[in-house]
Amino acid sequence: RAVAMSVSHSSRLNKLVREQYMRLPQDGLVQVTYVWIDGSGEGLRCKSRTLDKEPKSIEDVPEWNFDGSSTAQAEGSNSDMFLVPIRMFRDPFCLDPNKLVLCEVLKYNRKPAETNLRHTCKKVMDLVKDSHPWFGMEQEYTLLGINSHPYGWPDNGFPGPQGPYYCGVGADKVYGRDIVESHYKACLYAGVKICGTNAEVMPSQWEFQVGPCEGIEMGDHLWMARFILHRVCEDFGVVATLDPKPMTGNWNGAGCHTNYSTEEMRREGGLKHIEAAIEKLSKRHDYHICVYDPRGGRDNSRRLTGHHETSNIFEFSAGVANRGASIRIPRQVGQDGYGYFEDRRPAANCDPYAVTEAIMRTTVLNETGVETKDYADH
């Protein structure tokens, strides 16, 4: 059955033939792959160009453009969009000296595209930089065959109940470890701040963690880690979905748990600052739910049911070592009296820029209610 798995046609191409070409010298020329978020707010796009020398910093990478009418970001009659390079990584697919470059998208009038949530996140992170916010995000995802069925699951029916799969080992416990380990190595090579990985509770579901990252760096590194994941899966012929509830029924959903601290939370006695931040979050639950998935909470409503290690979407809760709460304070943090806390509400398909911005607006800038302030006017 494993041989007959549903994988893409392109994954069956002879990779040894490809390697023959990948070893050819480039004579000082460099391939740069521009990566950006499309009009869905979830999808990633990329295209490549040649530079005549290796860029040493992001300032060495020129702006570019693309057809926004083909990415749901512009009308056909005025379709050119700007790609503004913002962070550069090594390319684990074409190898040194080639680069992957994450870009912001600007419209024809140089204003940020609707799904360019980095723009306001950067403003907020600049305002709160003295608090030195650290983030670590736990990206859960599910591997699917090209037929949209979970990879490794029986064609007709389901695997055994959840229990043996979390952090599992063995051919009957985990599916797709080659992909996971390839992704991990590719992220390390690229310079993405990946810090771990594990098999998750539902079979074919995995998680990787990125962080600690300070400020805007969190969103940049997680988006590039996602791009690399999709690109690795392409080579293996399978699909990685960030759907928060890919399988209905008695199966865990997929989140993007967000660990967070400020400098004062990390110091001796920081627990009181953690508790103060949680109190602020408790009064703004509806606002956070609205920005914790791309559809204003509709995706998360399928996941945050109060079951399968989640809180209820309609209620705010917090507790030490409680994985059924909105906010979890790790047991060690409770004992030490300082450290960080985990917001378990963000969906797997959240925009990390939106999540980290919202946390800073509430806990450091002391915003309340569902409206946000426009700091561009100040």
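This is a predicted model: local features need pLDDT of at least 70, side-chain atom pairs count only at pLDDT 80 or more; totals for chains, interfaces and linings use all residues.
Reader: Which residues of α3 are the buried ones?

Author: They are Ile 179, Val 180, His 183, Ala 186, Cys 187 and Ala 190. "Buried" here stands for under 20% relative accessible area.

Reader: How many residues does α3 have, and how far does it reach?

Author: Helix α3 covers residues 177–190, which makes 14 residues. From first C-alpha to last, α3 reaches 20 Å, close to the 20 Å expected at 1.5 Å a residue. Just after α3 comes Gly 191, with a positive phi of about 95°.

Reader: Let's turn to the rings. How many aromatic pairs are there?

Author: Rings pair if their centres lie within 6.5 Å, and by this rule there are eight aromatic pairs. In one of them, the ring centres of Trp 153 and Trp 251 are 4.8 Å apart and the planes stand at 45°, so this pair is tilted.

Reader: Where in the chain do Trp 153 and Trp 251 lie?

Author: Trp 153 is in the loop between β6 and α3, while Trp 251 is in the loop between β9 (239–241) and β10 (256–261), so the pair ties together parts 98 residues apart in sequence. Trp 153 counts as buried at 1% relative accessibility, and Trp 251 counts as buried at 8%.

Reader: What about Phe 158 and Trp 251: how are their planes set?

Author: Planes under 30 degrees apart count as stacked. The planes of Phe 158 and Trp 251 are at 25° and their ring centres 6.3 Å apart, so the pair is stacked. Phe 158, at 55% relative accessibility, counts as exposed.

Reader: Which charged ends sit over rings?

Author: Look at Arg 90, whose charged end sits over the ring of Tyr 189, 3.9 Å from its centre. Look also at Arg 226, whose charged end sits over the ring of Trp 223, 4.7 Å from its centre.

Note on methods:
Residues are numbered from 1 along each chain as its sequence is written. Side-chain values use heavy atoms; hydrogens and water are left out. Helices (H or I, at least four residues) and strands (E, at least two) are DSSP runs, numbered from the N terminus. The expected span of a helix is 1.5 Å times one less than its number of residues. Buried means under 20% relative accessible area, exposed over 50%, partly exposed in between (1.4 Å probe, protein chains only). Rings of Phe, Tyr and Trp (its six-membered ring) pair if their centres lie within 6.5 Å; planes under 30 degrees apart count as stacked, over 60 as edge-to-face and the rest as tilted. A charge sits over a ring if NZ of Lys or CZ of Arg is within 6 Å of the ring centre and within 35 degrees of the ring normal.
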